[in-house]
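Reader: Hi! Could you walk me through this structure?
Author: Happy to, let's look at it together.
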Amino acid sequence: MISKTMQDALNAQINLEQYSAQLYLAMSAHCTGKSFKGFAHWLTVQASEETAHAAKLIGFLLDRGGRLELKPVAAPPTDFGGVIQVFEQTLAHEKSITGRISALFEQARKEKDYASEIALQWYVTEQVEEEAHVGEIVDHLHAVGDQGGGIWYLDSRMGKRGKV
Ligand code: OFO
């Protein structure tokens, strides 16, 4: 049986994963509004991944006999500036999530909750991949700038996510 502390921490993380999905959907809509359909597509796919991350944590919590306590999900902003800023904010958000996952992992370790520690390893690895991937996108965006043909080329590449 999972501890109350761990249960609360996992419920908080589930809420954050749901917020991440909301945030990326809002960013996607923002990019669509600027006719960047490829960036919008990438962010919509990312939002679905975040929903799947929440679902995976819910499954784990229930398997451990924990109680799911869903809370209201905070409303994301509606304006994110230019595409470069959108992805800089995405990177900053992912870094903050990495911090939360590390704190959860630390908690599991402190409690000698090996099952949670092992389940959370997946999220530790996932955050490494996500930060690296988004960091690469930010680098490419800085390289091409937000004017000219380069950004439209990047937009068409981002539109291929999940279709390759
Ligand atoms: Fe949930 O994967 Fe990053 O945030």
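Author: A term to start with: buried means under 20% relative accessible area, exposed means over 50%, and partly exposed is in between (1.4 Å probe, protein chains only). Helices (H or I, at least four residues) and strands (E, at least two) are DSSP runs, numbered from the N terminus. This is a predicted model, where local features need pLDDT of at least 70 and side-chain atom pairs count only at pLDDT 80 or more, while totals for chains, interfaces and linings use all residues. Residues are numbered from 1 along each chain as its sequence is written, and side-chain values use heavy atoms, with hydrogens and water left out.

Reader: Let's zoom in on H5. Which of its residues are buried?
Author: Helix H5 spans residues 149-158, and its buried residues are Ile 151, Leu 154, Asp 155 and Met 158. Looking down the axis of H5, these buried residues fall within an arc of 105°, so they line one face of the helix. The arc is that of the directions from the helix axis to the C-beta atoms.

Reader: And which residues are exposed on the other side of H5?
Author: Gly 149 and Tyr 153 are exposed there.

Reader: What do the buried residues of H5 pack against?
Author: They pack against helix H2 (37-63), helix H3 (83-110) and helix H4 (114-144). Contact here means heavy atoms within 4.5 Å.

Reader: Which helix gives the most to the lining?
Author: H4 does, with four residues. H2, H4 and H5 each supply at least two residues. Among the lining residues are Phe 39, Trp 42, His 133, Leu 154 and Met 158. You have met Leu 154 and Met 158 already, as buried residues of H5.

Reader: How does the lining split by class?
Author: Five residues are nonpolar, two are polar and three are charged. Ala, Val, Leu, Ile, Met, Phe, Trp, Tyr, Cys and Pro count as nonpolar, Asp, Glu, Lys and Arg as charged, and the others, Gly among them, as polar.

Reader: Now the loops. Where is Leu 70 found?
Author: Leu 70 is in the loop between H2 and H3. Its relative accessibility is 53%, so Leu 70 counts as exposed. Leaving aside residues up to four places away in sequence, Leu 70 touches Ile 14 and Gln 18.

Reader: What about Lys 112, buried or exposed?
Author: Lys 112 is exposed, with a relative accessible area of 57%. Lys 112 sits in the loop between H3 and H4, and has a positive phi of about 55° although it is not a glycine.

Note on methods:
On a 1 Å grid over the protein atoms alone, a cavity is a set of points where a 1.4 Å probe fits but cannot get out, and a pocket is an open set with protein on both sides within 12 Å along at least five of seven lines; lining residues have an atom within 4 Å of a point.
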